[in-house]
Amino acid sequence: MKRPADASGPVARAAQRRRPRLAVWKFSSCDGCQLTLLDCEDELLALADRLEVAYFLEASRAVVEGPYDLSLVEGSITTPDELERIQEVRRQSRTVIAIGACATAGGIQSLRNVLDVDELARTVYAEPSYLDVLATATPIAEHVKVDFELRGCPITKEQLLEAIGAFLHGRRPAFGTVSVCQECKRRGTVCVMVSGGVPCLGPVTQAGCGALCPAYGRGCYGCFGPAESPNVASLMRWWQDELGVEPAATVRALRTFNAAAPAFADAAAAADESGRPGGEGA
Amino acid sequence: MTDDGRELRRLSVGALARVEGEGAMRVRVRGTTVEEVGLDIYEPPRFFEALLRGRAFTEPPDITARICGICPVAYQTSSVQAIEDALGVTVTDDVRELRRLLYCGEWIQSHALHIYLLHAPDFLGAESALELARSAPEVVQRGLALKKVGNDVMAVVGGRAVHPVNVRVGGFYRAPSRSEVAALEGPLTRALEVAEETVRWVGGFTFPSFEHDHEYVALRHERDYPMERGRMVSDRGLDLGPHEFEDVVEERHVEHSNALHAVIRGREDGAYLTGPLARYSLNFDRLSPRARQAARDAGLGERCRNPFQSIVVRAVETLYAVEEALAIVRRYRPPASPGSEVVPRAGRGCGWSEAPRGLLYHRYSLAADGSILEAVITPPTSQNQRAIESDLARFVEARLDLDDQALTWQCEQAIRNYDPCISCATHFLTADVQRLP
Ligand code: SF4
Ligand code: SF4
């Protein structure tokens, strides 16, 4: 992808017309990841010069028809309608970046994957029969080819800007796959687990947030999802043996915002045969 | 034309823009009668209340924050207060003030987002703030700068602006240091002017003449403009604590929309409004002198019943939140302890707070080990939906001479007056999957 020319005049105007088209799509989510784009307060207007914001309902009622050069997709797939819509989004998009834990690992709503969705519906709704929902909440990549994934619940501004910048320059975004532990070391945060006995998912969680939670004195709760080949089972054993964490609590810790990420889901299932987040009777 | 020779008009907006979440609007007009108005919520349900069962009492501030990325602090605050109530935990004044500071950050960012990026374009005939930025970049930049100050406050107190990590039952994980908080003084001081300028700017917009007569419901506190504490009052005599909320408010299943609407029991219609207009009209005397003056200068009375002027009210509240945040920042000393000790026990607790969009109520029942037996959450948009629809019907009836395109845009604008947060509403609203052409 070529950068649009900066100079003014007819060439620039032609380049303007060639500005890559950006679309932002929402599936089942809280809007927090797309809000992160609007939270780029210092960069937003410059970005809007570089990209034509063609579809971004949270920000604009103007809708430009596809195809789109870059689609940012937030949310997981939880309804029959979304199943169809994601296919259409893929057909219309040259590059698809899934943004956030919902889009990359199901999000908090994927807790339903190990529960009975009809029972959930009955608990919340007077007329559950009107609902048209799937039994599972699944990441975007389970349905269509995804070109790149941004982790986090929510994603960070820095990673979003890096991903968009990389797209504009036609290169791959540069992100490490180290764990949150490395970021604590870089930041000089004393380990909350070793020094404070606080259960922390940092050793198995992908870096990217800057090790935020330990800097605030709490354990990482894994909102960036599993790091590359994490040894989740061994960390959970360590929590139990060294920190006295109840088995049911280890299962809950793995079943949060990235509950459908295989590394977390498998370890949670292994630790909890009954398949209930709080263990039997919870 | 229909059988009886009267013209049938249908207006619909398949996907509302510049609202949080996914909703649609549908209006059916026969001749000069508005037959049906619906604000359909097709945002998929995510079953939060059900998913909370069996989780630990420590988890709702993190889990319920994910109901809405635009007002996570409201969810965190209402949930921790409800659980503290269940566990008999009291928090120190220092901790409560830090909560209020975090909440000010959320009001500033959420209101600035709504004023500049979601709502103002309607008044200026622009499709979006990005379009607005082409003709008036300095205006949009001013809005973004204001929003950023709110985000900065949230980042210092909460760790980040979307889904802060620092809130726990009993208080905070860590109290920010004096110097971290002091760094906010400069940006907040500069934001005062910007916020005042914002009130002047939106005060100069042209507002369609329209007044509603719904009951206003908001928190009210003996000293403060309501945010994290107060009793629930109304302009028709309600005055209650959180434990009485469900005795007074009923969630009713409404046939035409397949949605639950919150209504006040024992009233003929029962529709009521919560949010900036109600808060302001019930608490004008609790605003700072500077915010009151800015409101008067912008042409607002002590009460406001025109939903289109809600943008001015939001601007006044933003100015107040900036002043309030600045006052807390200036007197801040890190508390001796960032939070109270919390011991699980069986119990039932209720809590509420004023989300940017209005009253947000939570109730939890806990087992002896602190696990959640039941959770109930009533967000502002579900409370306002009935009033929004009835306003829309009256609004359309008075404007039937407009062509469809103009009328549709005005209806969208009328909905955006309430800044409906559909992501919030949907965790309990039944989705109406019917979509009219
Ligand atoms: S990943 Fe988290 S922040 Fe992003 S949309 Fe999903 S719930 Fe919201
Ligand atoms: S430390 Fe863990 S839970 Fe906290 S923000 Fe980072 S990845 Fe998310």
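**Ligand shell, domains and strand pairing in the predicted model**

By class, the shell around ligand 2 comprises 10 nonpolar, 2 polar and no charged residues, where Ala, Val, Leu, Ile, Met, Phe, Trp, Tyr, Cys and Pro count as nonpolar, Asp, Glu, Lys and Arg as charged, and the others, Gly among them, as polar. This ligand lies between chains A and B, and the residues around ligand 2, including Cys209(A), Cys213(A), Cys220(A), Cys223(A) and Val165(B), are those whose C-beta atom, placed from the backbone, lies within 6 Å of it. The model is predicted, so that local features need pLDDT of at least 70 and side-chain atom pairs count only at pLDDT 80 or more, whereas totals for chains, interfaces and linings use all residues. Residues are numbered from 1 along each chain as its sequence is written, and chains are lettered from A and ligands numbered from 1 in the order in which they are written.

Chain A is assigned domain 1 (10-168) and domain 2 (180-274), with bounds from an automatic or database domain assignment, and 26 Å separate the centres of the two domains, taken over C-alpha atoms.

Within chain A, strand E3 (residues 68-74) has 7 of its 7 residues buried, that is, with 20 or more other C-beta atoms within 10 Å of their own, C-beta atoms being placed from the backbone. Strands here are DSSP runs of at least two residues, and helices (H or I) of at least four, numbered from the N terminus. E3(A) runs parallel to strand E1 (residues 21-26) of chain A, joined by 5 bridges, and parallel to strand E4 (residues 93-99) of chain A, joined by 6 bridges.

Key: Buried ≥ 20, exposed ≤ 12 C-beta atoms within 10 Å, placed from the backbone. Pairing = 2+ DSSP bridges.
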